[in-house]
Each structure stands twice: as structure tokens, then as C-alpha cells.
Amino acid sequence: MNILIYNEFVHESQPGPAQDMYPRGIHMAISEGVSKIDPEALSFTYATLENHRDVITRDVLKQTHVLIWWGHMRHHLVDDEVVRMICEEVGAGMGLIVLHSGHESKVFRALMGTRCGVEWYEKGDPGRIWILDQTHPIVKGVENPIEIEAEETYAEPFTVPVPDELIGITWWKGGEIFRGMSVYHRGLGKIFYFHPGHETLPSYYNPAVIRVIDNAIHYVAPVQRVDEVTSHHIEPHEK
Ligand code: ZN
């Protein structure tokens, strides 16, 4: 299975707390974590803000089963043509996983059709993700609740459409809640949004978080891929 990870790679490319936490970048922390627990041969390709125009081409997207998206400060610099191609490929069946601050990415907002804003503060508080559907494939092998040691607090209202599959709700020490574990269907594609993953906090070393991401890769991977979603003139099926 071909996995393409887009990581903006601005925070961790400079010395500071994000680089201290993820010295090789968030994209490598995710792929290394997933590779350790997944017996299937997953092939990873990486794109960053700097090279995304060259890496995320139509041909690459056609070969990609699941695209994972992490961005934060530079959403506005992502190429609109790349965004358009990604949305088309999701409609044609490509899986998409949007992590943490990717909620405000052009890709996620285009696919949701809403502002996708959250209420937030950054205290590194603990959170607890209560699983609502324990039969869902995305939480296979995961204990309920998922304990998050320290995260940026994302709280409701989250201005997204009503999720097609609401898998978990996060409780925060500060009293807030958040729908940060949801699946949306767009065309033939499935999109999983998952909130953990602030750049200076250790969520991508949390085995339960990695397990969820790995399960999600398999869940959103295409069942069927269509090359063209267009209209066709046809003759009646019955003469
Ligand atoms: Zn953050």
C-alpha cells in the first residue's frame, strides 16, 4: 500500500522545541511508528511545503492509497492546483487522514465546505478520548478511553459538517469537549480527522495514537478506485 505523507515541515526544520520533540520531522515519527506495528509492507513517500508542487503530482496521487496531511502555519502557501487534484482524487476513492492543525488546511476545508474552525488553547493539558463506537475498525486493539498525556486543547464548536461516523469524543481537563475522531465520506473517498499531534508535544510517540492512525490507513484505503468521475450519455439498459 502506498502512503503519501504531507508535512508542512516548518516548525521542526528549525532549532527549537518542535525540533527537539521530532528531530527527523513529524512525517518520519508517524511513518516509523506505523511501520513498527504494521505487518503489511507500507511504502511511504513524503512531501513538504517546500517540495509539494513537485512531489504531489497527478501520477503520484493516482498511485497513492492514503494521503496523510499535517500542516499548521503555512496553509495559505499550499498550491491551489495541488489542492484541487487532491479533492478530485478523494472523490475518486483515495483515502485521506487529516491530523491536528490540518483542520484548517485548504484541502480539509474544501472537502468539508465549511470554515473548520476550533476553539483552542495551548497548555499541554491531558485529554481523554472516549470511544463511542467500540466496534469501529479504527479503534481495533485500542483501549477505551485513549489517554493523551499532553496536547493542545481543541474544543467545540468545531465548525465542520455533522460527521458521517463519529468514533470518539475528547474530554479535556479544562472542561471542554471536542469531536476530534471522525470519518467523512466524499464521493468514493473516506476522510478521517484525528486531533492529536501538536508539534511540541509527544502524541506521535503514544502507541494508542499510532495504532489509531495505522487502523485508519486500512479503513480509509480505497475499496474501489475510479479513474474518471464524469457524466456519460447512455442508451437505456432495457431495449
Ligand atoms: Zn498545534
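Mentor: Let us begin with P157, which is found in the loop between β6 and β7 (165-172). Here helices (H or I, at least four residues) and strands (E, at least two) are DSSP runs, numbered from the N terminus. The model is predicted, so local features need pLDDT of at least 70, side-chain atom pairs count only at pLDDT 80 or more, and totals for chains, interfaces and linings use all residues. Residues are numbered from 1 along each chain as its sequence is written, and side-chain values use heavy atoms, with hydrogens and water left out.

Trainee: What kind of peptide bond joins E156 and P157?

Mentor: The bond between E156 and P157 is cis, with omega at about 5°. A cis peptide bond also joins N144 and P145, where omega is about -5°. P145 sits in the loop between β5 (119-131) and β6 (146-155).

Trainee: Where does F9 lie, and what is its phi?

Mentor: F9 belongs to the loop between β1 (2-7) and α1 (17-21). Its phi is near 60°, a positive value in a residue other than glycine.

Trainee: How is C116 placed, and what is its phi?

Mentor: C116 is in the loop between α6 (106-112) and β5. The phi of C116 is near 60°, again positive in a residue other than glycine.

Trainee: Why does C116 count as buried?

Mentor: Buried means under 20% relative accessible area, exposed over 50%, and partly exposed in between (1.4 Å probe, protein chains only). C116 counts as buried because its relative accessibility is 0%. F9, at 27% relative accessibility, therefore counts as partly exposed.
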